[in-house]
Amino acid sequence: MKMKPRGDDLAVIILAAGEGTRMKSDLPKVLMPLAGIPLLGHVLRAARRLEPSLVAVVVGHRAEAVEAATRSAAREIELKPPLRFVRQERPLGTGDAVARALGAVEGCSRALVLYGDVPLLKPETLHGLVVTQGEEKAALVLLTGYRPDPRGYGRVVRDAKGALRRIVEESEATAAERAIREINAGVYCFELAPVREIFRKKFKAKGKGEIFLTDVIEALRARRRRVLAVEAADSAEIMGVDSRLGLARAEAALNARRLEALMLSGVSVADPASTFVDPGVTVGRETRLEPSTILRGATRVGERCVVGPFSALESVEIEDDCWIVSSRLSSSRVLKGSRIGPFSHVRPGSVIGPEASVGNFTEVKASRLARGVKANHLSYLGDADVGAGTNVGAGVITCNFDGKKKHKTVIEERAFLGSNVNLVAPVRVGAGALVGAGSTVTKDVPPGALAIARGRQRNIARRHAGADNEVDHART
Ligand code: UD1
C-alpha cells in the first residue's frame, strides 16, 4: 500500500531521551532488542512507510550510543529522508522534548510524534492518523486506546458529546478522572505552525518540573482550533515497553501478529504458543510448523515442508517438500525434498540435497551433500564434499582438524562408506569406491576400489577357557 500522505511535508519526531531505569540494563531502553531489532528500529520502520520529509530523533540519556544505533538501523532499512538528532540534556518532559525538536523540522508543515519505546504501532494506524488530521482539518489528532488498568497513563477527558477536551495526567487527575479507561497513547499528528506559536510562550512546569506535551491540547482549544482523539483499532499496538516484562509481552504480541499473517497465507501452525518466527522469515504455502519450532534471522522455508517439532533454524534456506524434525540448523541451505533429523545439527556453510537425508545424531559443518546422499546415523561431516548418491554409514567421521588447520574431505558420487569409517583429511574417496567398516583412511581411494584399513581379526584360543570353547576355536 502506498502510504505517502498528500502534501509531502510531514516530519516524524521520535522521542527517545528518557532513561528507562526500570529495564535495569546497561543498554539505553530504546536500544533493547525486540525480535532482534532495537525498539527504536521498529519505530523507524513504521515511520519509513509514511515517507516523511525528515525524521528527527530527540536523544538525551546515552545520546551517542542511541544516535549511533539509530543511524545503523536507518542504514539497514535504507531510510531515505534525512535523519536529524536533537539533544535534550535533561528529561524535562515530553513538551520540552518536542519544543526542542521544532528547530530541526523547520520547513515542514506538520509533525507526527512517536515514542522510541512504543514499537508495535502499525504503519496503517499511523497513516490513518495522518490522513484524519489532514481531512478533518484538525490542528491536532491524537491516538487513544483502552486499558483495563490505565495506571500511569494520561486519561482522555471527553465532553458530553464525546469530543476531546483535554488529557489529564495521573498526577493531576481527580478520582473520577483516574477511573477513565481511555488513555493517551502518546502518538500525535499536528500542524506545526500553531504548535510553534504555543511553545513560543513558556509553559508552566508541572509534577517533577516537567513540561507536558498534552497541555498543547487545551492551548489549541483555547485558540478555537480543532483537536481530535482517534481510537486505535487494536489497543495492543499502543503498548509501550518500559521493563523486561513489557519486552516479553511485546515479543509475544509481535510473534502472534506474524504467525497470524502466516496462517492467513496458508501455513499451518500447530501450536502458536510455542512457535517463534522472526520478522525477516518467510514460509511457503501448505508448510506445517509443528510445536516448539523457532525460525530466526533471514530463514526462508518453501512450500509443503514440515518443520518441527523441536526445531531451531537460524538464517536457513529450506526449499520445497523438505522435512526438518527435532534439529538445529544455521546459515545453510537444504534443497528440495531433503530430510533432516531427528536430532541433527547442520552448522553454517552447508548445502544439503536435493533429496538427501541427514539423520539421527549427525553433525554437518561447511559441507556439501549432493543429491540423494544419505548420512542417517551418528556421523560428523566437516569441510566435506560428498557426491550424489553416496551412502555414509553409521558413525562415519571426517577427521578434518589436525590440531592446527582444517582440511577437506572429498567423497565422490556413489561411494559407499561402511560403518565407523574415519576419513583423515585431506583425503579423497573416488566415485563408486567402497570403504570397509571400521577403516581409518589416510590415503586417497581410487574410483571403484575397495579400501580396507583396519587390523585383521585374529581369533586366539584362551588358555583357561572351557574345553568346548577350545574345540570351537580350533574349527574356525
Ligand atoms: C506520556 C503522556 C501520557 C501518555 C503516555 C503514553 C505527557 C505529559 N504524558 O506520559 O499522557 O499516556 O505518555 O505512554 O506527555 N521523553 C523524552 N524526554 C522527556 C520525557 C520523555 O524524550 O523529557 C520520551 C521518553 O523517552 C519516552 C516518551 O517520551 O519515549 C514518553 O515518556 P514517558 O515518561 O514514558 O511518558 P509520560 O510523560 O509519563
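**Entry 1: the ligand**

I began with the ligand and noted that one of its oxygen atoms is 3.2 Å from a polar backbone atom of Leu 92. I counted this as a polar contact, which is a pair of N or O atoms within 3.5 Å; within protein, one must be able to donate a hydrogen and the other to accept it, and residues adjacent in sequence count only if both atoms are side-chain atoms. Before going on I wrote down that this is a predicted model, in which local features need pLDDT of at least 70 and side-chain atom pairs count only at pLDDT 80 or more, while totals for chains, interfaces and linings use all residues. I also wrote down that residues are numbered from 1 along each chain as its sequence is written, and that side-chain values use heavy atoms, with hydrogens and water left out.

**Entry 2: the shell around the ligand**

I found 20 residues around the ligand, and the closest are Gln 88, Gly 93, Thr 94, Glu 169 and Asn 184; a residue is near a molecule or strand if one of its heavy atoms lies within 4 Å of it. I sorted the shell into 11 nonpolar, 7 polar and 2 charged residues, where Ala, Val, Leu, Ile, Met, Phe, Trp, Tyr, Cys and Pro count as nonpolar, Asp, Glu, Lys and Arg as charged, and the others, Gly among them, as polar. Strand E1 (10-16), helix H3 (94-101) and strand E10 (182-191) each supply at least two residues of this shell; helices (H or I, at least four residues) and strands (E, at least two) are DSSP runs, numbered from the N terminus.

**Entry 3: the sheets**

I traced an open sheet of 11 strands with parallel pairing, in the order E12-E15-E18-E21-E24-E27-E30-E33-E36-E39-E41; two strands pair if DSSP finds at least two bridges between them. Strand E12 (268-269) and strand E41 (450-451) are at the edges with a single partner strand each, so one side of each has no neighbour in the sheet. Within this order, strand E18 (residues 306-307) pairs with strand E21 (residues 323-324) in the parallel sense over 2 bridges, and I saw Val 307 opposite Ile 324 in E21.

I traced another open sheet, of 9 strands and again with parallel pairing, in the order E14-E17-E20-E23-E26-E29-E32-E35-E38. Its edges are strand E14 (282-283) and strand E38 (427-429), each with a single partner strand, so one side of each is left without a neighbour. I looked up strand E23 (residues 333-334) and strand E26 (residues 351-352), which pair in the parallel sense over 2 bridges, and the bridge partner of Val 334 in E26 is Ile 352.

**Entry 4: the backbone**

I noted that most residues other than glycine have a negative phi, and most peptide bonds are trans. The peptide bond from Gly 341 to Pro 342 is cis, with omega near 0°, and Pro 342 is in the loop between strand E24 (339-340) and strand E25 (345-346). The bond from Gly 353 to Pro 354 is also cis, with omega near 10°. Phi of Arg 62 is positive, near 50°, and I found Arg 62 in the loop between strand E4 (54-59) and helix H2 (63-76).
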